[in-house]
Amino acid sequence: MTNAQTIQIAEAKGRPMLHWVGKRPLDHVTVYPAQLVERFDPLGEQTSEVSENLRGLGGNLLFHGDNKDVLAWLLAHGYRGKVNLVYIDPPFGSGADYVRKVQLRGIRGTPKLDGESYTLSEQIQYTDIWANDTYLQFMYERLLLLKELLTTDGMIYLHCDWRRIHHLRCLLDEVLGSENFINEIIWQHQIMGGSHDKRFPKAHETILWYAKGSGYRLRSENSNVRVPFSDYVLQSMKQDEKGWYYERRRMSRKATPAEAAAKAHTRTYVESPDVGTVATDVWADMLSYQELPNERQGLDLYPTQKTVKLLTRLISAASDPGDLILDCFIGSGTTAAVAQKLGRRWIAADVNKGAIQTTSKRLQAIIRQQVEAGAVPQQMAFETQTSEVSEDLGGLAGLTHSFSVYRVNDYDLQIQHNEAVNLAVEMIGIERVKTDAFFDGTLGRRLVKIVPFNHPLTLLDLQLAQDELKARPDEERDVVLVCLGKETSVDAWLAEYNKRRPVNKIEVIELRTDQKYGKFFIHQPAQARVRVERQTSEVSEDLGGLLVIEIEDFISPSIVERLEMDTPLFKAQIPDWRAMVDVVLIDTAYDGQTFNIVLSDVPERKNDLVSGRYELPAPEGVAPGSATTVAVKIIDMLGEEVLVTAEVGPA
Ligand SMILES: C[S@@+](CC[C@H](N)C(=O)[O-])C[C@H]1O[C@@H](n2cnc3c(N)ncnc32)[C@H](O)[C@@H]1O
């Protein structure tokens, strides 16, 4: 599909209904094309034809883009009614959610840098503007789309906290029907947040669980999830000589194995300190955020990351191996990681490029481990992970050990624009005004309009500003137009206009040439020097020889600048270029479009460095007599990507 198309969306179910300013139904969505940009497929599971047209049952998918566009794309590409389980953990509207903290590799004690600027601006786009109404419309649209994607017996988990839960539950009632509510799961934190003086400290988050219809089922092995007794209950339990336990409210005893088996079938539970008790909708047995330091090893610090244990319980309870799990607010990739480990297929999306990189990295590591172990991911028994790992690789059949990264609606352009606008706002000191449909903010007493940076300021832009001012006869303030560059005819027009106007004079700040601000807008891209050579030996000759790839140097002016900015006295001295590099990916037969990850060098621990020198067999089908294009993608610690390609001649 090349052109945008439109698809229809069913109406929400109905009552009760929540209202907000600007509430609109979503009866259709526009579908934009998606580009396949990267593929990780160590077993060569997918032929390219299959992945070009992943209808319904294809490999795992990771999308970079706004999830509204992503969900629309999925609906238009055969995924309607195909998703068994959705877990989403949308932002709550706090601005600090997604700034990645990054550190140089291998150098202890280097300052942590705030994540890449486009991360920052993408995040501003989605959080800053979240007045309640916008947020509700945003969530409403996503929920309507998600419902269309669910199978008839599918389910959805919506993770939220005290800020939005009351609204989101109303939205879910409206979209899916209150009769399809399953549970409100309380995930209790060990860490308590908030002040103690005026209220009880907050110590939980909530997961709302709904089904699409009445045909859903809780997976049998998990309807008997056992969790340890609390200390309080344990203390109140007493054992007599016959093995009976007494507790204040309930009496039980240790079961004989035969009794236990029989009881398991009748779903009566024997309470004893060894077997624990049946899990309720309050989950106080997971250390919640405290478990993350371990899980974060080798990953960037993602402040809203959820735990593997939590997702393991959620996914196990509501899906079977082979089921398709979707998370369109993937963040650091937890849902996809757990789905992959539990043998489920997955689809993930995020608008934030840093999240896509982190998720990709995390999944590459998991899949590689699975492939190396030749293991079938078993559905893990709940807390006791007693998964027997099957030894033979044959067991991998039926599971997907690959994923493709797609970009929807060329989001990068949008990002560049937002990035530039936010940078301009910050550097010039513009006060943002969100309530004005035309002007973007104020500078002192003047109104400010930021002209989109993808074109120079033209007479048309000036005309638009003039028309807007005409429509506001009471407006007395002057105007500043901020642009990246301007057409030459602009100056004469402005001189003439300003001569005639007592008020509403227009001044232009042209960033490209501005003495004061101009320097902030010159982005020096990171650069790398890579050497690629083909070596042929007698042994490997028929395969086209060996490709030796060596990264000789890498420099990121942004990292150096950032380090110096963060610690002014620190003159950035980076002894080894590899300290700046997070990930190296190699494609030995690059087609100029889709990056096939043949090798990924992602050191697991933060203190380990990438190797920088790689030996790979020449790609199959590339005979000694023919050339191939080797592409090396280097992702630095700020998430900036450099792609270097080299043509390697015949052996
Ligand atoms: C709370 S975080 C999710 C954290 C995740 N559960 C984890 O374990 O790491 C929310 C994520 O939603 C993403 N996001 C926000 N608006 C989005 C949109 N419109 N489309 C796609 N992703 C979006 C943010 O970039 C962020 O990564």
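Predicted model: local features only at pLDDT ≥ 70, side-chain atom pairs only at ≥ 80, totals over all residues.
## A mostly covered helix: α10

A residue counts as buried when its relative accessible area is under 20%. Seven of the eight residues of α10 are buried, which leaves the helix mostly covered. The buried set consists of Thr334, Thr335, Ala336, Ala337, Val338, Ala339 and Gln340.

What covers these buried residues of α10? The cover includes the strands β4 (60-64), β5 (83-88), β17 (324-327) and β18 (345-350), along with the helices α9 (308-318) and α11. Just after α10 there is a backbone detail to look out for: glycine 343 has a positive phi of about 75 degrees.

## How α10 meets α11

Two packed helices are described by the angle between their axes and by the distance between those axes. For α10 (residues 334-341) and α11 (residues 353-373), the axes cross at roughly 10 degrees and come within 9 Å. Angles under 35 degrees count as roughly parallel, and α10 and α11 are therefore roughly parallel to each other.

On the α10 side, the contact uses Thr334, Ala336, Ala337, Gln340 and Lys341, while α11 brings Arg362, Leu363, Ile366, Ile367 and Gln370. Sorted by class, the contact of α10 with α11 holds five nonpolar, three polar and two charged residues.

Helix α4 (residues 132-149) packs with helix α5 (residues 165-176) at an angle of about 35 degrees, and their axes lie 10 Å apart. The crossing of α4 and α5 is right-handed.

Which residues of α4 and α5 meet? From α4 come Asn132, Tyr135, Leu136, Met139, Tyr140, Leu143, Leu144 and Lys147, and from α5 come His167, Leu168, Leu171, Leu172, Glu174, Val175 and Leu176. This contact of α4 with α5 divides into eleven nonpolar, two polar and two charged residues. The spacing of such positions is worth a thought: an α-helix has 3.6 residues a turn, so residues three or four places apart point the same way.

## A three-stranded open sheet

Now for some strands. In the order β25-β26-β30, three strands form an open sheet with antiparallel pairing. At its edges stand β25 (527-535) and β30 (613-617); each has a single partner strand, so one side of each is left without a neighbour in the sheet. From one strand to the next, the twist averages 20 degrees.

Strand β26 (residues 546-555) pairs with β30 over five bridges, in the antiparallel sense.

Note on methods
Residues numbered from 1 in each chain as written. Heavy atoms only, no water. Axes fitted to C-alpha atoms, helices over the stretch in contact; angles between N-to-C directions. Helix = DSSP H or I, 4+ residues; strand = E, 2+ residues; numbered from the N terminus. Left-handed = near helix turned anticlockwise from the far one by under 90°. Contact = heavy atoms within 4.5 Å. Nonpolar A, V, L, I, M, F, W, Y, C, P; charged D, E, K, R; others polar. Pairing = 2+ DSSP bridges. Parallel < 35°, antiparallel > 145°, perpendicular 65-115°, else oblique. Buried < 20%, exposed > 50% of the residue type's maximum accessible area, 1.4 Å probe, protein only.
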